[in-house]
Amino acid sequence: MCISSASLLSLLLCIMHPTTAFASFSPEETVPGGIVHLEASPPAPLAENSSLILAASRTHRHDPLDNFKRYGGGWNITNEHYWASVGFTGAPYFAIAGVWFIGFGLVLLVLLCYHCCCKRRVKLDELHEKAYTISLILLILFTCAGIAGSILLYVGQDKFHRNISHTLDYVVDQSEFTVQNLRNVSGYLDLAKTMGIDQVFLPVSDQQNIDDLNRKLNRAANDLESKTKENSRTIRDVLDNVRFTLIVVAAAMLVLAFLGLLFSIFGLKTLVYFLVLGAWFLVAGTFILCGVFVLLNSAVGDTCVAMKEWVAHPYEDTALDHILPCVDVATAEQSLNQSKTVTSKVVTVVNKVLSTVANSNFPPNAGPLYYNQSGPLVPTLCDPYTGRLDDRQCNAGEVNLTNAPQVWKNYTCTVSSSGICATTGRITPDIYKQLIVAVNISYGLYHYTPFLVNLEDCTFVRETFGTITVDYCPGLRQHLRWVYIGLALVSTGIMLSIIFWVVYSKQRRRRDEYIKQHADGQYMARENNKS
C-alpha cells in the first residue's frame, strides 16, 4: 500500500516532466502553445524567495532516528527523518502486535504445560453461575465488536478503493490532457514550418528552430505518456491487491468471530483450541496491517496539507519546489515572448502577401503576380501584439484571427481554367486556403500559449493540486480512517474474543463438571437409601 501511495505521488509529479525540456530552451528556440484550459495570470515579481515549511504542525512528531526528538523539517519525501516520523505513528499498533503475539503465545505455552503435567481432578463445591454468565455476555459483546469491525473494514476499503481510483483517473486525465496539448502544439509547429502563401515562407532559421523544438516537444510528450501508462498500471495492480487483501481479512475475521462464538456455545473445545491458534496469528497480522494504514493515513494527510499550503504560497521556497521541475518566472516569460514573436511573424507573412500581391493591381505582363485582381482592398490581419510584444487592440480595417476566414471569403473570386479571376475579387481559392492555414497556425499558437506558460511556472500543477486537495483529499483521508479504525476494532474484538473463548470454555467445563458431580452424588445417595 505504501508503494501505491508513493507511485500515485510520482505519477502526480510526472505531469510536470515535460517542463524539464522547456527549461532548456533558449529564447531563440522556444515556441510554446496549448489549449486555453486555464487562464494564466502573470505573477508579481519578488525581490527574494522566502522559505516555507510545509505541513509543519502535522509533521511535528517524534523521530526515532534522532533520539525521539521532535521532527521539525515539515513534509519532505526526500528526507529520511520525515519518513521515520511517519512510520513512528504506526508504532503503537506494531507494538501491540508484538506484545500480543509473544504474550499470548507464552500464555498458551503455560496452559499447555499445565494441562499436560499438572492436570488433576478438583472437587467443585459451588457453581460460579455469575462468572459463567458474565463470560458469555462478554464473549457475545466482543464477538459483535469484531463483526462490526469487519463490516466497517469492508465498507471502508470499498470507499477508499473507489476514491483513490477516482483520484488516479483524474491524475491520468490531466496527464493525457498535457500530452495531447503538447502534440497539438507540435502539430501547429509542423504546419508553421511548411506554411507558404503564394511562395512566401517563414525564414529558414525559423524553420530550423521549429524542427529542434518539435523534437523536444515530441520527446517530452512521449516520455510523459509512457511514464503515465507504466505508473498507472502499477498503481492499479497494487490497489487491486490491497483491496483483495482487505476483503480477505474482513471475511476471515467475520467467519472467525461467528465460528468462535458457535464452537464456544456448543462446547466444541477441540475446535475452539484450533480456532484460537489460527486467530492468534491472524490478530497479530491484522494489528500490523492496522499500523501500516495508520502511517499511510499520516503520509496522505501530510501530502494533502502540503499541497494545499504549496498552492496557497506560490512564491515561497518549499520542499515541493525541489521535487517539481518547474522553471522560474523569467524562463516562463521568455517562452511567452518567443511564442508571441512567432505568432507575429506568421501574421507578417500573411499581411505581406495581402499588401504586395492581393491588394496590388498588376498589369497582365507581371507574370505569376497577376491574376486579374479587382474590387475593394482586402483588410489585413490584426497582429495581436505590438512591436514590444504587448497586447494590442486591432485597428480599424483589420480583421482578427477569429473572423478573418469569414471576412476574406467575401474577397475571393472565381477562377478560370488558367487560374485567372473571372469574377471580382482579390484572392484566388488557392491563396484563400493558404491564408486560412496561416491564420489557423497563428490562432493555434496564440490560443495555446497560456497552457505551456502555466505548465512551465507550475500554475497548471498548482491548479491540479488544488483540485485534488478540495475534491479528493477529504474522501481519501476519511475512508483511510474507516479502514484503520475497522482494522483496529476487528483486531481488538477478535483478540478479546479469543481470550473469552478460552475463559468461557473453562467456565462451561466447570459448570458441566459441577452438574455431573452433583448428579453422581444424588444418584449415590438414592442407592444408599435403597440399601
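**Stop 1**

Select Cys421, which counts as buried at 4% relative accessibility. Buried means under 20% relative accessible area, exposed over 50%, and partly exposed in between, with a 1.4 Å probe and protein chains only. This is a predicted model, in which local features need pLDDT of at least 70 and side-chain atom pairs count only at pLDDT 80 or more, while totals for chains, interfaces and linings use all residues. Residues are numbered from 1 along each chain as its sequence is written, and side-chain values use heavy atoms, with hydrogens and water left out.

Cys413 is buried at 4% relative accessibility. Cys413 and Cys421 form a disulfide, with sulfur atoms 2.0 Å apart. The term covers a pair of cysteine sulfur atoms within 2.5 Å. Such a link is a covalent bond between the sulfur atoms of two cysteines. The S-S torsion of Cys413 and Cys421 is about -55 degrees, so this disulfide is left-handed.

How many disulfides does the rule give? The count is 3.

**Stop 2: a link between two helices**

Select Cys304 and Cys473. Their sulfur atoms lie 2.0 Å apart, in a disulfide. About the S-S bond of Cys304 and Cys473 the torsion is about -90 degrees, so the disulfide is left-handed. Cys304 sits in helix α7 (residues 269-312) and Cys473 in helix α12 (residues 459-530), so the pair ties together parts 169 residues apart in sequence. Helices (H or I, at least four residues) and strands (E, at least two) are DSSP runs, numbered from the N terminus.

Buried or exposed? Check Cys304. Cys304 is buried, with a relative accessible area of 7%. Cys473 is buried too, at 4%.

**Stop 3: a link within a loop**

Move to Cys382 and Cys394. A disulfide joins Cys382 to Cys394, S to S 2.1 Å. Both Cys382 and Cys394 are in the loop between β7 (380-381) and β8 (398-399), 12 residues apart. The torsion about the S-S bond of Cys382 and Cys394 is about -95 degrees, so this disulfide is left-handed. Colour by accessibility here. Cys382 is buried at 3%, whereas Cys394 is partly exposed at 37%.

Two further cysteines deserve a click. Cys113 is partly exposed, at 40% relative accessible area. Cys144 is partly exposed at 43%.

**Stop 4: the nonpolar patch**

Show the surface. Select Val255, Leu259, Leu262, Ile265, Phe266, Leu268 and Leu271, which make a nonpolar surface patch of about 580 Å². Patches are made of residues with over 30% relative accessible area and no salt bridge; like charges are joined within 9 Å, and nonpolar side chains (Val, Leu, Ile, Met, Phe, Trp, Tyr) within 5 Å. A salt bridge is a side-chain nitrogen of Lys or Arg within 4 Å of a carboxyl oxygen of Asp or Glu. Accessible areas come from the Shrake-Rupley method with a 1.4 Å probe; for residues, only the protein chains shown count as cover.

Which helix gives the most to this nonpolar patch? Helix α6 (residues 204-265) does, with 4 residues. Ile265 is in helix α6. Ile265 is partly exposed, at 33% relative accessibility.

**Stop 5: helix α11**

Select residues 429-456, helix α11. At 1.5 Å a residue, its 28 residues should span 40 Å, and its end C-alpha atoms are 40 Å apart, which agrees. The expected span is 1.5 Å times one less than the number of residues.

Zoom to Thr449. A kink of about 35 degrees lies at Thr449, shortly before the proline Pro450. The bend is the angle between axes fitted to the seven residues ending at a residue and the seven starting there.

Finish on Cys458. Cys458 follows α11 and has a positive phi, near 75 degrees.
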